[in-house]
Amino acid sequence: MADQFSKVYDKTMQPLEKVKISQLRLELTEKAVGHVLEIGSGTGANFPFYRNALKVDAIEPDLQMSKQSTAKIKKARIPIEVHTAKAEHLPFDENVFDTVVATLVFCTIPDPHKALQEIQRVAKPGASILFLEHVRMPQGLMGKVQDLMTPLWKKAFAGCHLNRDTLASIHNSELSVTKIDSHYKGFLLAIDCINEKQNMDLL
Ligand SMILES: C[S@@+](CC[C@H](N)C(=O)[O-])C[C@H]1O[C@@H](n2cnc3c(N)ncnc32)[C@H](O)[C@@H]1O
């Protein structure tokens, strides 16, 4: 199923990318500076947009997905390296990254709490953590429809939870939310955070 998903992902996303997602990817990646970590980079849909970063280390557990990103890495303006890893176990030391980017990925990560802890660990104190995520909608009826659709949706879209409350997970983490932009009546959220952890070297 995951193999099929990687093959159709770019085509499935094409209509959405045309409408708005590409613009949101551009706005988000413009804010990605310094040494960047991208979580669950998939087919590399963000790679063409990075322009202000020095270097991007991306992690992606699905080899079929990362294979699809090879051409985009070659064309990118900045050096990009994809590592085979999961967000819950990041293969990096503490305090390495200036920016962490996660787009349309927290819906699929099996343990979002652990993934947020790992992001906090590898990001520098004060680093920007930038999310673009589809979430459970705040309106009662729409949220319930998403709840009903999720079991089938998960099977069709490689484990994607249509009703994830990623904003609540972020609020429950040690990250500090600085800005939320809501799109499509709250279905899609652009969430900017700061890694508030203390710099132990300065204590
Ligand atoms: C819907 S795709 C999004 C890909 C890309 N971020 C984008 O914006 O197009 C979700 C991605 O999350 C990846 N993924 C699934 N489980 C993961 C995990 N535990 N850690 C990191 N990425 C994961 C999937 O392999 C897939 O590439």
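Author: Contact here means heavy atoms within 4.5 Å. By that rule, and leaving aside neighbours within four places in sequence, asparagine 46 is in contact with Arg25, Thr29, Glu38, Val101 and Thr103. The model is predicted, with pLDDT of at least 70 required for local features and 80 or more for side-chain atom pairs, while totals for chains, interfaces and linings use all residues. Residues are numbered from 1 along each chain as its sequence is written, and side-chain values use heavy atoms, without hydrogens and water.

Reader: Why is asparagine 46 called buried?

Author: Asparagine 46 has a relative accessibility of 1%. Buried means under 20% relative accessible area, exposed over 50% and partly exposed in between, with a 1.4 Å probe and protein chains only. The value of 1% therefore puts asparagine 46 in the buried class. Its place is the loop between β1 and β2 (53–59).

Reader: What makes the pair of asparagine 46 and threonine 103 a polar contact?

Author: Their side chains are joined at 2.9 Å. The term covers a pair of N or O atoms within 3.5 Å; within protein, one must be able to donate a hydrogen and the other to accept it, and residues adjacent in sequence count only if both atoms are side-chain atoms. Threonine 103 is also among the closest of the 20 residues that surround the ligand (near means one heavy atom within 4 Å).

Reader: Why is glutamine 117 called partly exposed?

Author: The relative accessible area of glutamine 117 is 42%, so the residue is classed as partly exposed. Glutamine 117 is in helix α4 (residues 112–122); helices are DSSP runs of H or I with at least four residues, strands are runs of E with at least two, and both are numbered from the N terminus.

Reader: Which residues of α4 are buried, and what covers them?

Author: Pro112, Ala115, Leu116, Glu118, Ile119, Gln120 and Val122 are the buried ones. Their cover includes β1, β4, β5, α6, β6 and β7.

Reader: How do you know which strands pair in the sheet, and which are at its edges?

Author: Two strands pair if DSSP finds at least two bridges between them. Seven strands form an open, mixed sheet in the order β3-β2-β1-β4-β5-β7-β6. The edge strands are β3 (80–83) and β6 (175–183), because each pairs on one side only. Helix α4 packs on this sheet, touching β1 (34–39), β4 (97–103), β5, β6 and β7, and its direction makes about 145° with that of β5. Axes are lines fitted to C-alpha atoms, for helices over the stretch in contact, and angles run from 0 to 180 degrees between N-to-C directions.

Reader: What makes β5 and β7 a pair?

Author: Strand β5 (residues 123–134) and strand β7 (residues 188–195) share seven bridges in the antiparallel sense. Isoleucine 129 has cysteine 193 of β7 as its bridge partner, and phenylalanine 131 stands opposite isoleucine 191. On the β6 side, β7 is joined by eight bridges, again antiparallel; leucine 175 is partnered there with asparagine 195.

Reader: How many residues of β7 are buried, and why is isoleucine 194 called partly exposed?

Author: Seven of the eight residues of β7 are buried. Isoleucine 194, found in this strand, has a relative accessibility of 26% and therefore counts as partly exposed. Beyond residues up to four places away in sequence, isoleucine 194 touches Gly126, Ala127, Leu175, Ser176 and Thr178.

Reader: What is meant by a nonpolar core, and which residues have the most contacts in the largest one?

Author: A nonpolar core is a set of buried Ala, Val, Leu, Ile, Met, Phe, Trp, Tyr and Cys residues joined through side-chain atoms within 4.5 Å. The largest has 28 residues, and Leu37, Ile39, Phe106, Ile129 and Phe131 have the most contacts inside it. At least two residues of this core come from each of β1, β4, α4, β5, α6 (166–171) and β7. A second, separate core of 23 residues includes Phe5, Ile21, Ala58 and Ile78.
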